[in-house]
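Subject: Structure handover

Hello,

Here is the structure you asked to look at. My notes follow below it.

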Amino acid sequence: MQKQINLSALAYDIKNNPVYGNVKYKWGISSNNGIGILDSKDNIASFFPKKIGKGNIYVYIEEKCRKKPVYKGIDVMVKK
């Protein structure tokens with residue numbers, strides 16, 4: 001099994017400038033067989049693979065200047 005994989009996210013405002021404060025990050029993982037565990041705090045997350053399979057790690061980013069949260073996800077595959 002692979003080791004821990006670290007991820008990070010950074011919000012940008014409508015003028016494409018990075019935003020470091022007043023941002024909420026909500027991380028999650030979806031899979032049909034529980035491929036791993038996601039541990040997150042603010043804009044940093046760590047994925048710990050547990051089972052062979054496929055899934056998606058995602059983050060919702062809420063920033064006060066945007067009316068809707070931004071959603072970004074990445075497909076992952078855990079191999080033996």
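Rings of Phe, Tyr and Trp (for Trp, its six-membered ring) are taken as a pair if their centres lie within 6.5 Å; planes under 30 degrees apart count as stacked, over 60 as edge-to-face, and the rest as tilted. By this rule there are three aromatic pairs.

Before the details, some notes on the source. This is a predicted model, in which local features need pLDDT of at least 70 and side-chain atom pairs count only at pLDDT 80 or more, while totals for chains, interfaces and linings use all residues. Residues are numbered from 1 along each chain as its sequence is written, and side-chain values use heavy atoms, with hydrogens and water left out.

Aromatic pairs

(Strands are DSSP runs of E, at least two residues, numbered from the N terminus.) Tyr-58, Tyr-60 and Tyr-71 form one aromatic cluster.

The relative accessible areas are 22% for Tyr-58, 35% for Tyr-60 and 40% for Tyr-71. Each of these residues is therefore partly exposed, the class between buried (under 20%) and exposed (over 50%), with a 1.4 Å probe and protein chains only.

Sheet

Three strands make an open antiparallel sheet in the order S4-S7-S8. Strands S4 (23–31) and S8 (70–78) are at the edges with a single partner strand each, so one side of each has no neighbour in the sheet. From one strand to the next, the twist averages 20 degrees. S4 and S7 (residues 53–63) pair over nine bridges; two strands count as paired if DSSP finds at least two bridges between them. Within this, Ser-30 stands opposite Asn-56 in S7.

Surface patch

Leu-10, Tyr-12 and Tyr-20 make a nonpolar surface patch of about 340 Å². Patch residues have over 30% relative accessible area and no salt bridge, and nonpolar side chains are joined within 5 Å. A salt bridge here is a side-chain nitrogen of Lys or Arg within 4 Å of a carboxyl oxygen of Asp or Glu. Areas come from the Shrake-Rupley method. Leu-10 sits in the loop between strand S1 (5–8) and strand S2 (11–12), and is partly exposed at 32% relative accessibility.

Regards

Notes:
Patches are made of residues with over 30% relative accessible area and no salt bridge: like charges are joined within 9 Å, nonpolar side chains (Val, Leu, Ile, Met, Phe, Trp, Tyr) within 5 Å. Accessible areas come from the Shrake-Rupley method with a 1.4 Å probe; for residues, only the protein chains shown count as cover. Helices (H or I, at least four residues) and strands (E, at least two) are DSSP runs, numbered from the N terminus. Axes are lines fitted to C-alpha atoms, for helices over the stretch in contact, and angles run from 0 to 180 degrees between N-to-C directions.
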